[in-house]
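I opened a new structure today and kept notes as I went. Here is what I looked up, in the order I got to it.

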Amino acid sequence: MKILSRAVLRGWGAAFAGLVATLGMSGPAAPAAQAATAPPHFADGFGLTVVSQPKWAGPEKRTFVVTVKSRQVPTYDAMEGQVSGEHVLMVTLPTGYNGAAATRYPVLYHLHGAGDRPNSVWTKTLAEQATKGVPLITVTPNGSGHGWYSNWRNPGSRGPQNWETFHLKQVIPFIDANLRTIAAKAGRAIVGHSMGGFGAFHYAEDRPDLFRYAGSFSADLDLQSPWGRGAVVGSGVVPAYGKPYAAPDAIFGSPLWPLDGAWNEASPAHHVKALRGMGVALYTGDGGNLLDNPIQAAVEKGAQVTTATMAEHLTAAGIPYRFVDYGDGSRWAKGCTGKHAQFPCLQADMNDYVKLIMKRLRHP
């Protein structure tokens, strides 16, 4: 890889920050669907301390939020409305879930994107609409505005930012201990949007023993490309994504060759062999009309390029996968025009993905 100057890296970061700063993260309210009268009670465990017991996130009583603390991420760069060090987990239950019954359900871990929150309205709606009548639990853990689902190399004064350890070694067994789950690879899938799509494949490649299916929606999957590195660096300096800002070397160390080994090691597109035997699905648009919402169009175009790189490596490795490149979105979903953070596109992605995983996961 060619040597890149710090000025170039700052340019990547500034350019990407300008692109992502205006992305909206909201969606419509979810339809009603009664599941239970009281949310489950959670016990501490696996290094997590319950700060706030589950509370329903709406009158539908299918989705609840529970708040925990972890020494793996004792503080973080909080966004507006977040408490640094307190981690919200949002959980959507299947209709009819009964914690006292013998029935156990598979779990989908849904990782949110940069600048989004685990308990945003649109994240709740995506899960509830895609799983209506489906015997599946969906869990969205806090990944912060720019945590990148990784154990940071240089967290600085924040203290440990071990997001991967927090999620894989604490959240997953914590959920299995407190809910009626199928606590095995055969009952577990993962997916994410944008930064979360990177996280989904990063986790699946690091721990293929945990997941039966992995997927991404409009994700940054190539950390060896300038666009991929710019996305990480840029998200760290968007004010709305959390303060203090994240230095270019905070997460994966220096992005400059020859010190960029951690970036190369974490690039999902270049380590696909770990996915062999796992279900794989990729979704992306092409940004559509660049004159219509050019910010989201440009970000989605970049995601399309890195997703295509991932697909090329999967093909070369002989690993089957589903790749939905819906272009301008006109044939994918009503209201989808191929943009990056566009709710109709993502709801169609999620609907399709849930149908796929339920063909492979063990379930009632």
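Predicted model: local features only at pLDDT ≥ 70, side-chain atom pairs only at ≥ 80, totals over all residues.

I started with the largest pocket, which has a volume of about 190 Å³. Of the 13 residues lining this pocket, His202, Asp206, Phe252, Ala262 and Ala266 are the closest to its centre. The elements giving two or more residues to the lining are α4 (195-206) and α6 (261-266). I sorted the lining by class and got four nonpolar, four polar and five charged residues.

Residues are numbered from 1 along each chain as its sequence is written, and side-chain values use heavy atoms, with hydrogens and water left out.

**Cavities**

On a 1 Å grid over the protein atoms alone, a cavity is a set of points where a 1.4 Å probe fits but cannot get out; a pocket is an open set with protein on both sides within 12 Å along at least five of seven lines, and lining residues have an atom within 4 Å of a point. I found four cavities of 30 Å³ or more.

Helices (H or I, at least four residues) and strands (E, at least two) are DSSP runs, numbered from the N terminus. Why do I call β3 (residues 87-92) largely enclosed by the rest of the structure? Because six of its six residues are buried, meaning under 20% relative accessible area with a 1.4 Å probe, protein chains only. His87, Leu89 and Val91 point one way from β3, and Val88, Met90 and Thr92 the other way.

Strands pair if DSSP finds at least two bridges between them. β2 and β3 run antiparallel, joined by six bridges, and Thr67 stands opposite Val88. β3 also pairs with β5 (residues 137-141), antiparallel over four bridges; there Val91 stands opposite Val139.

**Thr63**

Last, I looked at Thr63 in strand β2 (residues 63-70). Thr63 counts as buried because its relative accessibility is 0%. Its side chain makes a polar contact (N or O atoms within 3.5 Å, one able to donate a hydrogen and the other to accept it) with the side chain of Glu128, at 2.6 Å.

Methods:
Buried < 20%, exposed > 50% of the residue type's maximum accessible area, 1.4 Å probe, protein only. Points joined across faces, edges and corners; volume = space filled by probe spheres on them. Nonpolar A, V, L, I, M, F, W, Y, C, P; charged D, E, K, R; others polar.
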